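The sequence and model come next.

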Amino acid sequence: MKHAETPWTITTEFAEIVPFSIVKADDTGGSIADVFGDSMDEAEANAKLIVRAVNSHDALVEAAREVRAEIARLNSVTGQTVFNPAVTELLDAARRLAESE
């Protein structure tokens with residue numbers, strides 16, 4: 001199953017029912033998620049975090065892939081470890097988290 005197309009955005013269109021809803025930015029379809037918090041400020045911050053994370057996800061995963069590939073290329077060309085191995089471990093761990101179901 002595939003998630004709703006991105007980008008997503010925040011709406012208060014359903015404010016009489018829920019404080020913030022997340023919808024597709026092209027305004028097709030209904031609510032993807034309703035967002036709450038312990039206060040209106042927290043609910044809004046939660047909604048903004050979710051939208052920012054979702055909308056940047058693909059670009060961040062691709063950037064991690066590209067950086068990892070460049071590190072491998074530099075290591076191969078120079079014949080030595082150019083970056084601290086902890087850097088590649090962090091990139092790999094982040095990609096595993098981002099790509100997990």
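Helix α1 bends by about 50° at His 57, the bend at a residue being the angle between axes fitted to the seven residues ending there and the seven starting there. The model is predicted: local features need pLDDT of at least 70, side-chain atom pairs count only at pLDDT 80 or more, and totals for chains, interfaces and linings use all residues. Residues are numbered from 1 along each chain as its sequence is written, and side-chain values use heavy atoms, with hydrogens and water left out.

**Helix α1**
- Helices (H or I, at least four residues) and strands (E, at least two) are DSSP runs, numbered from the N terminus.
- α1 covers residues 40-78, and its end C-alpha atoms lie 54 Å apart, which agrees with the 57 Å that its 39 residues should span at 1.5 Å a residue (1.5 Å times one less than the number of residues).

**Burial**
- Ala 43, Ala 47, Val 51, Val 61, Ala 64 and Ile 71 are the buried residues of α1 (under 20% relative accessible area, 1.4 Å probe, protein chains only).
- Their cover includes β1, β2, β3 and α2 (85-99), with contact meaning heavy atoms within 4.5 Å.

**Sheet**
- An open antiparallel sheet is formed by 3 strands in the order β1-β2-β3; two strands pair if DSSP finds at least two bridges between them.
- β1 (8-11) and β3 (33-35) are at the edges with a single partner strand each, so one side of each has no neighbour in the sheet.
- β1 pairs with β2 (residues 20-24) over 4 bridges, and Thr 9 has Val 23 of β2 as its bridge partner.

Definitions and conventions
Buried < 20%, exposed > 50% of the residue type's maximum accessible area, 1.4 Å probe, protein only.
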